[in-house]
Amino acid sequence: MDRVVLESPYAGMVEANVEYARMAVRDSLGRGEAPIASHLLYTQEGILDDTTQEERDWGINAGLEWLDVCTRQVVYCDLGVSSGMRFAIAAAKAKGVITEYRWIG
């Protein structure tokens with residue numbers, strides 16, 4: 001299985017974005033990949049508070065560390081590309097990680 005870092009929107013319409021991110025993870029798994037969606041993992045209750053900038057930064061930085069061990073980054077675009085996603089795309093590019101853009105449809 002290819003290890004992929006999965007990006008999709010989180011902030012803003014959190015409930016809808018979490019539902020979409022879950023669909024994106026399922027889509028990735030269905031493609032035979034092993035995705036990490038750190039924005040789903042680290043924002044669970046009791047882990048990090050995404051509304052606190054310091055904790056949001058912890059989560060973003062921890063998620064970016066996965067770029068060092070992934071095959072590629074996959075960006076799910078049906079809901080647009082957020083500023084956080086653009087930041088992650090730039091980080092992947094700086095590390096030489098291939099970014100693939102996807103739509104669920």
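Modeller: Here is a walk through the sheet, then the helices and loop beside it, then the pocket.

Bear in mind that this is a predicted model, where local features need pLDDT of at least 70 and side-chain atom pairs count only at pLDDT 80 or more, while totals for chains, interfaces and linings use all residues. Residues are numbered from 1 along each chain as its sequence is written, and side-chain values use heavy atoms, with hydrogens and water left out.

Let's start with the sheet. It is an open one of 4 strands, in the order E2-E1-E3-E4, with parallel pairing. Strand E2 (33-36) and strand E4 (99-102) sit at the edges with a single partner strand each, so one side of each has no neighbour in the sheet. Neighbouring strands are turned by 35 degrees against each other on average, direction ignored. On the wording: helices (H or I, at least four residues) and strands (E, at least two) are DSSP runs numbered from the N terminus, and two strands pair if DSSP finds at least two bridges between them. As background, strands of a sheet pair through backbone hydrogen bonds, either parallel or antiparallel.

Now zoom in on E3, residues 72-76. E1 and E3 pair in the parallel sense over 4 bridges, and Val-5 stands opposite Gln-73 in E3. E3 is also joined to E4 by 4 bridges, again running parallel, with Tyr-76 opposite Arg-102 in E4. Is E3 buried or exposed? 5 of the 5 residues of E3 are buried, so the strand is largely enclosed by the rest of the structure. Buried here means under 20% relative accessible area, exposed means over 50%, and partly exposed is in between (1.4 Å probe, protein chains only). Arg-72, Val-74 and Tyr-76 point one way from E3, Gln-73 and Val-75 point the other way, and all are buried.

What lies across the sheet? Helix H1 (residues 14-30) lies across E1, E2, E3 and E4, at about 155 degrees to E2. H4 lies across E1, E3 and E4, running at about 160 degrees to E3. For those angles, axes are lines fitted to C-alpha atoms, for helices over the stretch in contact, and the values run from 0 to 180 degrees between N-to-C directions.

Leaving aside neighbours within four places in sequence, Tyr-20 is in contact (heavy atoms within 4.5 Å) with Ser-8, Pro-9, Tyr-76, Cys-77, Asp-78, Leu-79 and Ile-104. Tyr-20 and Ser-8 are 12 residues apart along the chain, and their C-alpha atoms are separated by 7.8 Å.

Leu-79, one of those contacts, is in the loop between E3 and H4. At 45% relative accessibility, Leu-79 counts as partly exposed. With neighbours within four places in sequence set aside, Leu-79 touches Pro-9, Ala-16, Asn-17 and Tyr-20. Leu-79 and Ala-16 are 63 residues apart in sequence and 9.6 Å apart in space, C-alpha to C-alpha.

On to the largest pocket, with a volume of about 380 Å³. Of the 23 residues that line this pocket, the closest to its centre are Glu-7, Tyr-10, His-39, Arg-56 and Ile-60. A pocket is found on a 1 Å grid over the protein atoms alone, as an open set of points where a 1.4 Å probe fits, with protein on both sides within 12 Å along at least five of seven lines; lining residues have an atom within 4 Å of a point. Grid points are joined across faces, edges and corners, and the volume is the space filled by probe spheres set on the points. Strand E1 (2-7), H2, helix H3 (53-65) and helix H4 (83-94) each supply at least two lining residues, and H3 gives the most, with 6 residues.

Ser-38 is in helix H2 (residues 38-41) and is buried, with a relative accessible area of 16%. Beyond its neighbours within four places in sequence, Ser-38 is in contact with Thr-43 and Gly-63. Gly-59 is in helix H3 and counts as buried at 10% relative accessibility. Setting aside neighbours within four places in sequence, Gly-59 is in contact with Tyr-42 and Leu-48. Gly-59 and Thr-43 are 16 residues apart in sequence and 7.9 Å apart in space, C-alpha to C-alpha.
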